[in-house]
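Student: I have a model open and would like to understand the words used to describe it. Could we go through them together?

Tutor: Gladly; let's look at it first.

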Amino acid sequence: MNTEKQWKNKFQISFVAEEHQRIQELSTGLQQLFHGKYLEQLIFENEEADMSVYIGIGKEPLTTNQIIEVTAFASQLMKEYDIKNYDLDVSNLIEQAGIRCLEQVAQGVCLGTFEKYKPYEESLRAFTACFCGIPDLEQRKAKAHIAKGQAIAEGILFARDLVNCPSNQLKPMEFAGRIMKKLNSLHCKELKIQLIDADKLKTMGMDALYSVGNSSANPPCFLEIEYTPKPQSKNRIGLVGKGVTVDTGGYCLKPSSSMAGIKGDMAGAAAVAGAIYALAKNGQKKNVSAFLPMCENRISNGSLLPGDVISSYSGKTIEIMNTDAEGRLILADAVSYAVKKGEVTSVLDIATLTGAVVNMLGFSIAGVLCDQEQLYQQFLKAAKISGEQYHRLPFKKEHEEMIKSEVADVKNMGDSCCGTITAGLFIREFAEQTPWIHLDIAGTAWVDTPIWNYQKSGATGAGVSTIYYLCEDE
Ligand code: BES
Ligand code: ZN
Ligand code: ZN
């Protein structure tokens, strides 16, 4: 075998369905069998002495996740061989899944470049895939779909970088700073950003956020981002994300065996930031606002204690039953602010909120609660396009009873059962009459063992793509 050989011309990747087996002549003169089984690969020299790669896509039509997966596989392969420029023949994918699949194709190609502990921008810049096999008449549409897929992938990778960042390097104010810097780099005049610091939180009466954040010498803050591409419209989606940059549990201290992922407790806020970035980059035309409460949950003289009663931005009082149920406290204030001051017509919150959802659904499906059918249908549609997996949970009067308090309006922990439902319902108390949807991503925000090959162990960027599609114009 000649290992010195340079590839003179091009590197072309094609996706090949499993039909009949092919025998391919290799550059070594040997022949090799290729079936086209899902994620099977074959590299060979073609007649023009260019290098060709076949990637199998199996027999069945590909699911959305599989389209992201096969294309991420292609780009990972090129990274492995250090091929910086290559052609990606997408004709078979378009034929099978339609021109819109280029959003997932572009996403997969970008996600495939990701490396942990390296700013995603660097890895992304290093490789260029040239899409070919697109019908002439579809070229304009294709360009738009590819741009959209790339923007979504950037949002996902931005969120991953933030979530993977250790908490000693990402304190609440630094977290806000990173997001502001990223959004400002877009020079988008439809974006308005406001950072509220700890002193201001106190004077505004954001007691729930302030009280959790007061557990640490690294002060809490609140980031409000308004994206207004359509000033004449009254509609505005509010996105609220949990930004606990480290969650020790506070005085209800987590056991050391559960401390491993505590730096990732800001994945909800990171997902919202990633989605807003992608929406603004793509010039989407719906009004969207983000409300990101950021703080640490630690043990100190200033920490909450079980039994404490605090106030909140809404005016409702809260009995603290468990200091480790801090996420719902800071989300309560952010949701209140969104519906009172943020002029939102619907509100979505996303958070790594409960261990219970991990026990129930594992690492590939997130939990959903929603109190309005129309909003839920829109969400379902978005999740279908993104490929992310969600499961809706019910809630009834008896669950609402579980968070009633004798000494305050509400308490921050329910009975021993239904932990995911009662956590969601606690937040709903603060949404007032505004249609509300709640995503618990405690299981899906982080994977130790990747489920799909476009993931890497660590942060997944969960939520970004579905939120993006929920907020894109029809
Ligand atoms: N951030 C945690 C939830 C979590 C658990 C995220 C596992 C990721 C993986 C949250 O603040 C928390 O500690 N929730 C408690 C609530 C309980 C005390 C009512 C939980 O789920 O145990
Ligand atoms: Zn906690
Ligand atoms: Zn938490």
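Student: Where is glutamate 343 found?

Tutor: Glutamate 343 sits in the loop between helix 10 and strand 15 (346-351). Keep in mind as we go that this is a predicted model.

Student: Why does glutamate 343 count as exposed?

Tutor: Its relative accessibility is 63%, and exposed means over 50%. Glutamate 343 is therefore called exposed. Its backbone deserves a glance too: glutamate 343 has a positive phi of about 55° although it is not a glycine.

Student: What makes cysteine 418 partly exposed?

Tutor: The relative accessible area of cysteine 418 is 28%. Buried would need under 20% and exposed over 50%, so cysteine 418 is placed in between, as partly exposed.

Student: Which residues does lysine 10 touch?

Tutor: Leaving aside residues up to four places away in sequence, lysine 10 touches Asp50, Met51 and Asp87. Touching here means heavy atoms within 4.5 Å. As for isoleucine 83, it is 73 residues from lysine 10 in sequence, with 9.6 Å between the two C-alpha atoms.

Student: Now the helices. How do you know that helix 10 and helix 14 are roughly parallel?

Tutor: The axes of helix 10 (residues 327-340) and helix 14 (residues 419-428) cross at roughly 30° and come within 8 Å. Angles under 35 degrees count as roughly parallel, and therefore this pair is given that name. The crossing is right-handed. Helix 10 brings Arg328, Leu329, Leu331, Ala332 and Val335 to the contact, and helix 14 brings Ala423, Phe426 and Ile427. By class, that is seven nonpolar residues, no polar ones and one charged.

Student: What makes helix 5 and helix 9 roughly antiparallel?

Tutor: Helix 5 (residues 139-164) and helix 9 (residues 267-281) have axes that cross at roughly 150° and come within 8 Å. The cut-off for roughly antiparallel is over 145 degrees, so the pair is described that way. Helix 5 passes helix 9 in a right-handed crossing. Residues of helix 5 in this contact include Ala151, Gly155, Phe158 and Leu162, while those of helix 9 include Ala270, Gly274, Tyr277 and Lys281. The contact has twelve nonpolar, two polar and two charged residues.

Student: What makes helix 15 mostly covered?

Tutor: In helix 15 (residues 464-471), eight of its eight residues are buried, and buried means under 20% relative accessible area. They are Val464, Ser465, Thr466, Ile467, Tyr468, Tyr469, Leu470 and Cys471.

Student: Stepping back, how do you know that the radius of gyration agrees with that of a compact globule?

Tutor: A compact globule with 474 residues would have a radius of gyration near 23 Å, and the protein has 24 Å, so the values agree. The C-alpha atoms fill a box of roughly 80 × 50 × 40 Å along the principal axes.

Student: How many helices and strands does the protein have, and what percentage of its residues count as buried?

Tutor: There are 15 helices and 21 strands, and 57% of the 474 residues count as buried. Among contacts with a separation of 6 or more, 75% join residues 24 or more positions apart.

Methods
Residues are numbered from 1 along each chain as its sequence is written. Chains are lettered from A and ligands numbered from 1 in the order in which they are written. This is a predicted model: local features need pLDDT of at least 70, side-chain atom pairs count only at pLDDT 80 or more; totals for chains, interfaces and linings use all residues. Side-chain values use heavy atoms; hydrogens and water are left out. Axes are lines fitted to C-alpha atoms, for helices over the stretch in contact, and angles run from 0 to 180 degrees between N-to-C directions. Helices (H or I, at least four residues) and strands (E, at least two) are DSSP runs, numbered from the N terminus. Angles under 35 degrees count as roughly parallel, over 145 as roughly antiparallel, 65 to 115 as roughly perpendicular and the rest as oblique. A crossing is left-handed if the near helix is turned anticlockwise from the far one by less than a right angle, and right-handed if clockwise. Ala, Val, Leu, Ile, Met, Phe, Trp, Tyr, Cys and Pro count as nonpolar, Asp, Glu, Lys and Arg as charged, and the others, Gly among them, as polar. The radius of gyration is taken over C-alpha atoms; the globule rule is 2.2 Å times the number of residues to the power 0.38. Buried means under 20% relative accessible area, exposed over 50%, partly exposed in between (1.4 Å probe, protein chains only).
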